[in-house]
Every structure is written in structure tokens, then in C-alpha cells.
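Trainee: I would like to learn how to read the features of a protein model. Could we go through some of them in turn?

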Amino acid sequence: MDISLLPTQLARQVTSDGVQLLLRLDAGLPWFSGHFPGAPLLPGVAQLHLAIHFAREEKLLDGQFQGMDQLKFQRPLRPDEQCWLRLQRQEDGQLRFEYRVGCAEAQAELPLASSGRVKVS
């Protein structure tokens with residue numbers, strides 16, 4: 001992926017079933033352009049794309065994309081916000097992801113922005 005499309009990675013924590021990445025959603029990311037003028041937010045398709053990119057980079061996801069499941073968007077992700085992206089490889093080889101807004105160490109207490117499951121074959 002073109003590096004200009006990626007947020008800045010500030011921290012990385014390996015877990016027993018995946019990884020957690022602290023990201024800064026830099027205002028200059030092209031994902032924010034035109035979505036939406038005056039009130040930019042990171043589009044859902046970009047959140048999914050980034051989750052898949054980082055999961056493949058971390059060797060947590062193999063196979064061809066087959067769809068998504070349990071996709072929920074609960075809070076917008078805005079320019080220059082920091083968020084934790086949690087990636088978990090499921091027993092069936094699928095990927096669970098969630099974005100939480102903020103940079104606190106106790107991610108479970110941070111507001112959930114979005115979550116879902118990526119299906120691969």
C-alpha cells in the first residue's frame with residue numbers, strides 16, 4: 001500500500017491472538033479528502049481497508065477477501081485523532097477488528113468507534 005495512505009503508527013502491542021496498534025489519523029491522509037467537507041471523518045471503507053492491510057502486514061490474515069460480518073460504526077474517526085486498532089485472528093482464520101478512540105493504555109475503557117469481522121477463504 002502507498003505509504004501516503006497509512007496513518008502514523010505510534011505504538012504496537014502483541015497479544016496472544018493478535019496485535020494492537022496505536023495510530024494517529026493524520027489530517028493530511030487522502031481518505032479524509034471530500035468525506036465530508038467541513039466535518040471530515042475516516043470512511044468505513046478506509047477503516048476496513050486499513051484493518052486488512054495491517055492484519056496482512058502482521059501475518060494475521062491469509063486468503064482472499066470474502067466479505068465482512070458484524071460490522072458496526074458507532075463513532076466517527078476524525079483527523080488528527082489517535083486510536084487503537086485491535087486485530088485478532090479467530091480460530092477459523094477470520095479476522096476480528098476494532099477501533100477505539102484515544103491513546104490510554106487501558107484500551108477497553110476507551111470509546112468504541114467501530115468493529116467487525118473480515119471473512120476470507
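Predicted model: local features only at pLDDT ≥ 70, side-chain atom pairs only at ≥ 80, totals over all residues.

Mentor: Residues are numbered from 1 along each chain as its sequence is written, and side-chain values use heavy atoms, with hydrogens and water left out.

Trainee: Start with the cysteines. How many disulfides are found in the whole structure?

Mentor: A disulfide is a covalent bond between the sulfur atoms of two cysteines. The cut-off used here is a pair of cysteine sulfur atoms within 2.5 Å. The search of the whole structure finds zero disulfides.

Trainee: Is C83 buried or exposed?

Mentor: The words have cut-offs: buried means under 20% relative accessible area, exposed means over 50%, and partly exposed is in between, with a 1.4 Å probe and protein chains only. C83 has 0% relative accessibility, so C83 counts as buried. C103, at 45%, counts as partly exposed.

Trainee: What about charged side chains?

Mentor: Side chains of opposite charge can pair when their charged atoms come close. A salt bridge is counted when a side-chain nitrogen of Lys or Arg is within 4 Å of a carboxyl oxygen of Asp or Glu. By this rule there are seven salt bridges.

Trainee: Which residue forms a salt bridge with R89?

Mentor: The partner is D62, and the closest N and O atoms are 4.0 Å apart. R89 lies in strand 4 (residues 82-89) and D62 in the loop between helix 1 and strand 3, so the pair ties together parts that are 27 residues apart in sequence. Helices (H or I, at least four residues) and strands (E, at least two) are DSSP runs, numbered from the N terminus. R89 is partly exposed, at 34% relative accessibility.

Trainee: Which residues are linked in a network of salt bridges?

Mentor: The network links D69, D92 and R117. One of its pairs is D69 with R117, at 3.8 Å from N to O. D69 lies in strand 3 and R117 in strand 6, so this pair ties together parts that are 48 residues apart in sequence. D69 is partly exposed, with a relative accessible area of 28%, whereas R117 is buried at 16%.

Trainee: What else does R117 meet?

Mentor: Strand 6, where R117 sits, covers residues 112-120. The side chain of R117 also makes a polar contact with the side chain of D92, at 3.3 Å. A polar contact is a pair of N or O atoms within 3.5 Å; within protein, one must be able to donate a hydrogen and the other to accept it, and residues adjacent in sequence count only if both atoms are side-chain atoms. Contact in general means heavy atoms within 4.5 Å. Beyond its neighbours within four places in sequence, R117 is in contact with several residues, including G67, M68, Q94 and F97.

Trainee: Where does D26 lie?

Mentor: D26 is in the loop between strand 2 (18-24) and helix 1 (44-57). D26 is buried, with a relative accessible area of 18%. The side chains of D26 and T8 are joined by a polar contact of 2.7 Å. Leaving out residues up to four places away in sequence, D26 touches L6, P7, T8, F32 and D80.

Trainee: Which residues make the nonpolar surface patch?

Mentor: Patches are made of residues with over 30% relative accessible area and no salt bridge; like charges are joined within 9 Å, and nonpolar side chains (Val, Leu, Ile, Met, Phe, Trp, Tyr) within 5 Å. Areas come from the Shrake-Rupley method with a 1.4 Å probe, and for residues only the protein chains shown count as cover. Here F65, M68, L71 and F73 make a nonpolar patch of about 350 Å². L71 belongs to strand 3 (residues 65-73) and is partly exposed at 33% relative accessibility.
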